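Here are some brief notes for a colleague who is new to this entry. Please read them next to the structure.

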Amino acid sequence: MLLGVLFVGISNYFGVNSVPYIRLTIDYIKTASNQNYLPSDSYHQLFIYGIYMLGYAALSGFFLFMTRQTIIVMSRMIEYDLKNELYDHYQKLDISFYKRNNTGDLMNRISEDVSRVRMYLGPAIMYILNTSFLFYFTITKMVTVDTKLTLFVLAPLPLLAISIYFVSDTINKKSTKVQEKLSEITTLSQESFSGIRVLKAYGRETHFINEFEGLSNNYKNITMGLVKIESLFQPFIVLLIGFSTLFTLYIGGMLAIKHQITYGNIAEFMVYVNKLTWPIASLGWVTSLIQRAAASQTRINDFLHTEPEIKSTHFSTEIIEGNVSFNNVSFAYPDTGIKALKNVSFEIPKGHSLAIIGRTGSGKSTIANLICRLYEPDSGEILRKRNNTVGRTKAAYCYRQSYHKKTSNNDL
Ligand SMILES: Nc1ncnc2c1ncn2[C@@H]1O[C@H](COP(=O)(O)OP(=O)(O)OP(=O)(O)O)[C@@H](O)[C@H]1O
Ligand SMILES: [Mg+2]
């Protein structure tokens, strides 16, 4: 990143410093044509100026290449880290998290949202740096030519800054909605593909087609709103830049007639204004990139800051074997509050099987879930007993981890 800042500065330094040669060239041509120099002589001088311009452009280009090699590469590495961090965190979260959130949303946050954050860390930061350096170098050069002319040419800029401020807020709100709608679409597609057997067996194709169309329509409408704002914004910027060119020609022309600046200066200023055109035009785009990244980072943080409800405080690599013992275990499903088990106690000796028979909904599968520690019992203990002594650790057979049970009241 720091190297990138350095390179972007150097690239702009060389880029801007090639411009004065345009003034030198034009002024040379004017003087030469007035004083009737020998053509071979002036060609030679023009050639030298040309070489200088080419040299500066080549250096500027090389450092632009280096800028992209540092800043864009950095953003790709952060993207890689962020994806891994999110995926690792997904693995730690418990079943109830996966019941609350759907797969499409999970997938969207790890792909779409992460890449939006990358767009900010890479291109957006690069363009901001580029614009800042370009402004600094260009404006210092312009001021040495004529301060008044510079002020007139730059007059439309504050207007631009204010309008960007207002537009970015609207863009932010709309892009959050766009992202939400996209998640809904991803979820529906993912669910209909993974459940395609059920969907087809019950002949629900038309229903899902309609549902998808509805969501797509919503998405389209909200995106259209966003596009409308952005498409109004771009021509507005071009208009402001047009005014800058107009001022350069008009006021620069007046100054040149009064011999305060040269013709070459007018040409030089036109190039400066042109150099500023793209960065100013891209400000709107960069603003929306930042806004989108902010919205996406919030969505990513939502999940990253979700703490798993089941936490292992004590990790053990030992192979868990022995008797499985339930001691006054009670459990209610957190999302529905349905009490599935109430004061259940039993012990299964090592190597034996246990058959549990009961009505549907009596809690048989819940016992299996608890043994695998997909859920944490509300009260009571699930223990592993070895050699007729009670192990001080509870067993989480599926994960081969053991952990201490916090004491809680058993009187449910
Ligand atoms: N994931 C869940 N979320 C909320 N409540 C649940 C969940 N799973 C089961 N339950 C509820 O907990 C109770 C026990 O369900 P469980 O699935 O353990 O019964 P079961 O004995 O396995 O039934 P079956 O014989 O139908 O498999 C039921 O009332 C059920 O509605
Ligand atoms: Mg069951």
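1. A polar contact here is a pair of N or O atoms within 3.5 Å; within protein, one must be able to donate a hydrogen and the other to accept it, and residues adjacent in sequence count only if both atoms are side-chain atoms. A polar side-chain atom of Thr366 is 2.4 Å from an oxygen atom of ligand 1. For Ser365, a side-chain N or O atom lies 2.8 Å from an oxygen atom of ligand 1. Tyr333 places a polar side-chain atom 3.4 Å from a nitrogen atom of ligand 1. On its own, ligand 1 has 630 Å² of accessible area, and the protein covers 68% of that (Shrake-Rupley method, 1.4 Å probe; for residues, only the protein chains shown count as cover).

2. The model is predicted: local features need pLDDT of at least 70, side-chain atom pairs count only at pLDDT 80 or more, and totals for chains, interfaces and linings use all residues. Residues are numbered from 1 along each chain as its sequence is written, chains are lettered from A and ligands numbered from 1 in the order in which they are written, and side-chain values use heavy atoms, with hydrogens and water left out.

3. How many residues surround ligand 1? There are 15 (a heavy atom within 4 Å), and the closest are Lys99, Thr360, Lys364, Ser365 and Thr366. Helix α11 (residues 364-371) gives the largest share of this shell, three residues. Helices are DSSP runs (H or I, at least four residues), numbered from the N terminus.

4. Now Asn12. Asn12 sits in helix α1 (residues 2-17). Asn12 counts as buried because its relative accessibility is 7% (buried means under 20%). Leaving out residues up to four places away in sequence, Asn12 touches Asn130, Phe133, Leu134 and Phe137 (heavy atoms within 4.5 Å).

Notes
Helices (H or I, at least four residues) and strands (E, at least two) are DSSP runs, numbered from the N terminus. Buried means under 20% relative accessible area, exposed over 50%, partly exposed in between (1.4 Å probe, protein chains only).
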